[in-house]
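Please read the points below with the sequence and the coordinates at hand.

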Amino acid sequence: MTTRSIAAVLTAAVVGAGGRWALGLLAGASCGLLAANVFGCILIGWASSTQQDRWNQVWLTVVLCGSLTSFAGFAVSLGVALEDQRWANAGFWGLATLVCCVVGFDLGRSLGNRT
């Protein structure tokens with residue numbers, strides 16, 4: 001592993017995790033998690049469709065988006081809502097996440113195809 005790779009991985013991990021944490025503070029836990037997941041989907045869509053070299057696509061999608069998004073956290077929040085029988089809450093956040101992430105990915109691909 002080169003110094004460039006190590007620096008990119010460390011930087012992207014810190015930026016991604018820090019961004020998710022900041023969004024959680026600014027918008028609240030649920031909204032911050034949704035915003036982080038949607039923004040990560042936009043980045044993944046953009047990186048997968050641009051003319052970036054393979055190395056840039058990999059570290060953007062795997063490291064930055066991997067540390068920014070938290071679909072495990074999303075699954076836990078849905079699980080807690082279902083255990084507490086808050087059906088409307090679980091349905092709303094589940095549907096909002098699905099729709100917003102799909103739209104975000106498509107938006108990212110559209111932006112990537114323009115460059």
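The numbered points below go from the overall fold to individual helices and residues.

1. The model under review is predicted. Its secondary structure amounts to five helices and zero strands, and the pattern along the sequence reads α-α-α-α-α. Taken along the principal axes, the C-alpha atoms of the chain fill a box of roughly 50 × 30 × 20 Å.

2. The chain has 115 residues, of which 35% are buried.

3. Helix α1 covers residues 3-27, a run of 25 residues. From its first C-alpha to its last it reaches 36 Å, close to the 36 Å expected at 1.5 Å a residue. Four residues of α1, namely S5, A8, A12 and G16, are buried. Helix α3 (54-68) is included in what covers the buried residues of α1. After α1 comes G28, and its phi is positive, near 95 degrees.

4. The largest nonpolar core. Which residues make up the largest nonpolar core? There are eleven in all: L33, L34, V38, C41, I42, F74, L78, A81, A90, W93 and C101. At least two residues of this core come from each of α2 (29-49), α4 (71-83) and α5 (87-114). The helix that gives the most is α2, with five residues.

5. A core residue and a second core. I42 belongs to the largest core. With its neighbours within four places in sequence left aside, I42 is in contact with G104, F105, L107 and G108. A separate, second core comprises nine residues, among them A36, A47, L64 and C65.

6. Packing of α2 against α3. The axes of these two helices lie 9 Å apart, and α2 and α3 pack at an angle of about 175 degrees. Because angles over 145 degrees count as roughly antiparallel, α2 is classed as roughly antiparallel to α3. On the α2 side the contact is made by A36, F39, G40, L43, I44, W46, A47 and S48. On the α3 side the contributors are Q57, L60, T61, L64, C65 and L68.

7. Is W46 buried, exposed or partly exposed? Its relative accessibility is 25%, so W46 counts as partly exposed. The C-alpha atoms of W46 and G112 are separated by 4.5 Å, although these residues are 66 residues apart along the chain.

8. The aromatic pair. The structure holds one aromatic pair. It is formed by F92 and W93, whose ring centres are 5.1 Å apart and whose planes stand at 80 degrees, so the pair is edge-to-face. The cut-off behind this reading is that planes over 60 degrees apart count as edge-to-face.

9. W93, at 18% relative accessibility, counts as buried. The limits applied are over 50% for exposed and under 20% for buried. W93 is also one of the residues of the largest nonpolar core.

Definitions and conventions: Residues numbered from 1 in each chain as written. Predicted model: local features only at pLDDT ≥ 70, side-chain atom pairs only at ≥ 80, totals over all residues. Heavy atoms only, no water. Core = buried A, V, L, I, M, F, W, Y, C linked by side-chain atoms within 4.5 Å. Buried < 20%, exposed > 50% of the residue type's maximum accessible area, 1.4 Å probe, protein only. Contact = heavy atoms within 4.5 Å. Expected span 1.5 Å × (residues − 1). Phe/Tyr/Trp six-rings, centres within 6.5 Å; stacked < 30°, edge-to-face > 60°. Axes fitted to C-alpha atoms, helices over the stretch in contact; angles between N-to-C directions. Parallel < 35°, antiparallel > 145°, perpendicular 65-115°, else oblique.
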